[in-house]
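Please view the sequence and the structure before reading on.

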Amino acid sequence: MVNVPPSYAATSSSIPVAQRPPLNGHGSSSSTDDVVRTKILLLGLRRAGKTSIQQVLFNQLPPKQTFYLETTMRVVKHTYDSVIPLEIWDCPGNITVDTLGAPLSQFATMIFVIDIRDLYNQPISRLVEFIVAAYEKNPNMSLEVFVHKAEKLQEDDKIENFRQIHERVSDRLLDISAEYEQVQLNFHLTSVYDHSLHEAFSKVLHKLIDSLPYLEDLLNVFCANSQSPKAFLFDTSSRLYIATDASPVDSATFNLCCDYLQMLNSFGSLYKSATAGARQSLSMTLPRSDLSTSSLLPPTVPTESAIPTEIITINPTENSTTIRPPRDLFYPSASTSLHPSTPGTTLTYHLITPQLALLALLPTSIYEGRRGLIEFNVVFFREGVQEICQVEKEVRTGG
């Protein structure tokens, strides 16, 4: 009798997003559209934290609830749309190159998750196996290692374990062949309980965005013309930064922007436009297209999440129909002062697309004294980003 290895070929379901179980991401479905998606392979041993990473980043699962997630038993495809459409393959812990069910050449990035407290021999052996296979079949694949659950150890132990994992992986590759010394491995220390996971995954995402240099140029121009010391282009839902300007990324500034964005996401849905009731008196309204500005609305500027593209008013006394021109989308903004002292610093938020937002630090004196100039620069930046996103969409859809 021949022993056939189990197959973990990727499967998908048609469960809508709104109906998926809140604490288990194993019901995520693969998109059935014709968009060409960038594929990310998420690997690691059992209970390493793979599904937790995906759920916290893309399904807004509170970190404390990751304890209740079920063990991944099969390959599950998770799709997510941002500047580029992503397809993340969440794999079970016992999967191998042979049982993956897809060639490694299909994937742009491989993320291997290692529990920082785990015995290192088994996860490192599995990691090296995939690195060797990826190097042979897809040398251009980006290889990332997340040393995860860093919150479990003290700072000194955390750094020591991280160093040991890095050295053991490198030594194991050199023992196989000297040519693997040139393999570019990127190690990240991560945890779902702080923003280190968002920062690490943002860096992974940067390598997949072909239009990243153009987005960075737009941010550099905005910072130079607005006297902003730092600016980020964030994905509002996942709180990953898509791009930033040329100045170095300070972890404290990044954490501050993440916290502010999380606050706006939490309370923005409580506000809606005061004109909502007036629209109910209209005789007829065309069906709305999906032009939601964002689930993120500022507490200072109430607005609606969706705006009708066109309104038709029918005059009952005349056989004529008046078609009003389409209304422009409303892009909410918000700001908060970080320091009460003069001159101080102001953190600003401006929605750029339904999925992206600009968060920038500005001197309070500049923000208050040259508000019009700042808003003009934001409009210029928004038009540039929207044009880049439109080109990216046309390339992906073939249209």
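## A buried ring and its partner

The model discussed here is predicted. Phenylalanine 254 has a relative accessible area of 0%, so this residue is buried. Tyrosine 241 also counts as buried, at 4% relative accessibility.

## Aromatic pairs

How many aromatic pairs does the count come to? The count is 14 aromatic pairs. One of them joins tryptophan 89 and phenylalanine 107 in an edge-to-face arrangement, with 4.9 Å from centre to centre and 90° between the planes. Planes over 60 degrees apart count as edge-to-face. Tryptophan 89 belongs to strand 3 (residues 85-90), whereas phenylalanine 107 belongs to the loop between strand 3 and strand 4 (109-115), so their pairing ties together parts that are 18 residues apart in sequence. Tryptophan 89 has 3% relative accessibility and therefore counts as buried. Phenylalanine 107, with a relative accessible area of 2%, is buried.

Tyrosine 241 and phenylalanine 254 form an edge-to-face pair, in which the centres are 5.3 Å apart and the planes make an angle of 65°. Tyrosine 241 is found in strand 8 (residues 241-244) and phenylalanine 254 in helix 6 (residues 251-267); the pair therefore ties together parts that are 13 residues apart in sequence.

## An aromatic cluster and charges over rings

Which residues form one aromatic cluster? The cluster consists of Phe58, Tyr80, Phe146 and Phe201.

Two rings have a charged residue over the face. Lysine 230 is placed over the face of phenylalanine 232, at 5.4 Å from the ring centre. Arginine 382 is placed over the face of tyrosine 331, at 4.2 Å from the ring centre.

## Helix 5 and helix 8

The axes of helix 5 (residues 212-226) and helix 8 (residues 371-397) come within 10 Å of each other and cross at roughly 175°. Angles over 145 degrees count as roughly antiparallel. Helix 5 and helix 8 are therefore roughly antiparallel to each other.

Which residues make the contact between these helices? On the side of helix 5, the contact is made by Tyr214, Leu215, Leu218, Leu219, Val221, Phe222, Asn225 and Ser226. Helix 8 contributes Leu373, Ile374, Asn377, Val378, Phe380, Phe381, Gly384, Val385 and Ile388. Sorted by class, the contact of helix 5 with helix 8 has 13 nonpolar residues, four polar residues and no charged residues.

Key:
Residues numbered from 1 in each chain as written. Predicted model: local features only at pLDDT ≥ 70, side-chain atom pairs only at ≥ 80, totals over all residues. Heavy atoms only, no water. Phe/Tyr/Trp six-rings, centres within 6.5 Å; stacked < 30°, edge-to-face > 60°. Helix = DSSP H or I, 4+ residues; strand = E, 2+ residues; numbered from the N terminus. Buried < 20%, exposed > 50% of the residue type's maximum accessible area, 1.4 Å probe, protein only. Lys NZ or Arg CZ within 6 Å of the ring centre and 35° of its normal. Axes fitted to C-alpha atoms, helices over the stretch in contact; angles between N-to-C directions. Parallel < 35°, antiparallel > 145°, perpendicular 65-115°, else oblique. Contact = heavy atoms within 4.5 Å. Nonpolar A, V, L, I, M, F, W, Y, C, P; charged D, E, K, R; others polar.
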